[in-house]
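This report describes a structure piece by piece, for a reader who is meeting such descriptions for the first time. Please keep the sequence and the model in view while reading.

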Amino acid sequence: MSFEDWYRQDRLPHIYCAGCGNGTIINCTLAAIEQMAWKREETVFVSGIGCSSRAPGYIAADSLHTTHGRAIAFATGVKLANPELHVVVFTGDGDLAAIGGNHFIHGCRRNIDLTVVCMNNQIYGMTGGQGSPTTPRGCMSSTTPYGCAETPFDLCELAIAAGANYVSRWTSYHVKELEKAVLAGLQTPGFSFIEALVQCPTAFGRRNKFKQVIDQVDYFRTHTMLKAKRDRLLEQGEPVPPDMVTIGELARRNSPALGVKP
Amino acid sequence: MKLAIDETRCKGCNLCTKICPYKIFKEGKKANRRGIILPELDRPERCTNCRLMHLYGRTLCGVCQLTCPDQAIHWVEELPYEPHKVAIEY
């Protein structure tokens with residue numbers, strides 16, 4: 001058995017563009033679920049609207065493809081109606097941070113037993129590359145032609161502040177670490193949030209000097225810093241480069257959770 | 001075990017050519033029937049997972065399979081008595 005068996009073979013190849021990182025994140029999530037040895041009939045995948053939210057359609061298990069931004073709201077209902085089910089939510093940044101922001105905050109506050117995998121491609125990829133709440137400062141998109149002037153949303157900080165039990169951030173370059181992080185999130189009772197930065201060669205990379213797919217993946221390799229190293233640098237009083245993204249396990253708590261299987 | 005690329009799924013993004021620690025995948029030259037340039041295998045007998053998967057009973061490296069966004073890379077069992085090369089690296 002490998003994670004390949006979780007795919008709906010008749011639906012592949014999927015519609016993602018060549019080089020899109022969403023497929024990588026689905027691979028890592030399914031590999032972690034495979035290690036948990038969950039039964040297919042006890043696993044539910046929920047998603048909203050967007051590129052990333054097409055993921056449950058390619059997985060051979062029960063799935064819900066819901067309205068824009070309401071994936072966590074639907075998943076809360078599924079979990080509370082039947083706590084025996086294992087619920088995994090796939091969302092994107094436009095789904096989770098923009099229109100579904102309030103559901104996300106209250107999912108974290110309730111600390112309901114979900115695992116949320118957010119594929120953050122820093123843009124609205126499906127609708128033509130509009131700027132999203134997580135588009136970094138100075139990045140081009142079709143609605144920010146002179147560079148984004150806004151401060152991006154740090155979803156992990158938001159989840160930590162709102163009270164999620166497990167928060168980590170990885171990228172599509174760090175596949176093995178991401179697999180372990182999703183596994184830890186699945187094992188943790190309570191709300192676990194895993195943010196995965198993914199490349200979007202069609203909408204984001206094309207406008208932001210990542211002409212090839214590998215350019216953006218290489219950017220993830222060179223412009224990310226482990227949380228332990230960042231803490232060490234701050235402790236020693238050395239400067240942290242401003243464009244570095246902090247990756248790693250950012251929070252692990254043991255707060256009381258809602259909807260845990262008795 | 002041996003490496004195989006699924007021609008019906010690969011979209012030619014060439015992520016595998018950069019991600020493999022042994023540089024087994026290299027960029028192809030000829031487009032296939034769908035106009036997609038598939039990566040080629042450069043001495044695939046060097047793959048750790050192909051040689052040691054059965055001995056250890058688990059996937060050893062597997063980064064290419066996890067990274068491939070189109071689920072095109074997998075390992076297939078060899079036929080009985082299939083001739084295969086052995087690569088020795090110094």
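## Where the chains meet

Two residues are in contact if their C-beta atoms, placed from the backbone, lie within 7 Å. The contact between the chains takes 20 residues from chain A and 14 residues from chain B. On the side of chain A that touches chain B, the elements giving two or more residues are helix H1 (22-36), helix H6 (175-187) and helix H7 (213-222), where helices (H or I, at least four residues) and strands (E, at least two) are DSSP runs numbered from the N terminus. H1(A) gives the most to this side, with 6 residues. The residues of this side divide into 12 nonpolar, 6 polar and 2 charged; Ala, Val, Leu, Ile, Met, Phe, Trp, Tyr, Cys and Pro count as nonpolar, Asp, Glu, Lys and Arg as charged, and the others, Gly among them, as polar.

The model is predicted, so local features need pLDDT of at least 70 and side-chain atom pairs count only at pLDDT 80 or more, while totals for chains, interfaces and linings use all residues. Residues are numbered from 1 along each chain as its sequence is written, and chains are lettered from A and ligands numbered from 1 in the order in which they are written.

## A residue of chain B

B:Gln71 lies in the loop between helix H3 (63-67) and strand S4 (73-76) of chain B. Because B:Gln71 has 23 C-beta neighbours inside 10 Å, this residue counts as buried (20 or more other C-beta atoms within 10 Å of its own; 12 or fewer would be exposed, and in between partly exposed, with C-beta atoms placed from the backbone). Leaving aside neighbours within four places in sequence, B:Gln71 is in contact with A:Glu4, A:Tyr7, A:Leu12, A:Gly23, A:Asn27 and B:Arg9.

## The sheet of chain A

In chain A, 8 strands form an open sheet with mixed pairing, in the order S2-S1-S3-S4-S6-S5-S8-S7; two strands pair if DSSP finds at least two bridges between them. Strand S2 (62-65) and strand S7 (224-226) of chain A stand at the edges with a single partner strand each, so one side of each is left without a neighbour in the sheet.

Strand S5 (residues 166-171) and strand S8 (residues 245-252) of chain A run antiparallel and are joined by 4 bridges, and the bridge partner of A:Val167 in S8(A) is A:Ala251.

## Helix H4 of chain A

In helix H4 (residues 101-110) of chain A, A:His103, A:Phe104, A:Gly107 and A:Cys108 are buried. The buried residues of H4(A) pack against helix H2 (71-81), helix H3 (93-99) and H5 of chain A. After H4(A) comes A:Asn111, whose phi is positive, near 55 degrees.
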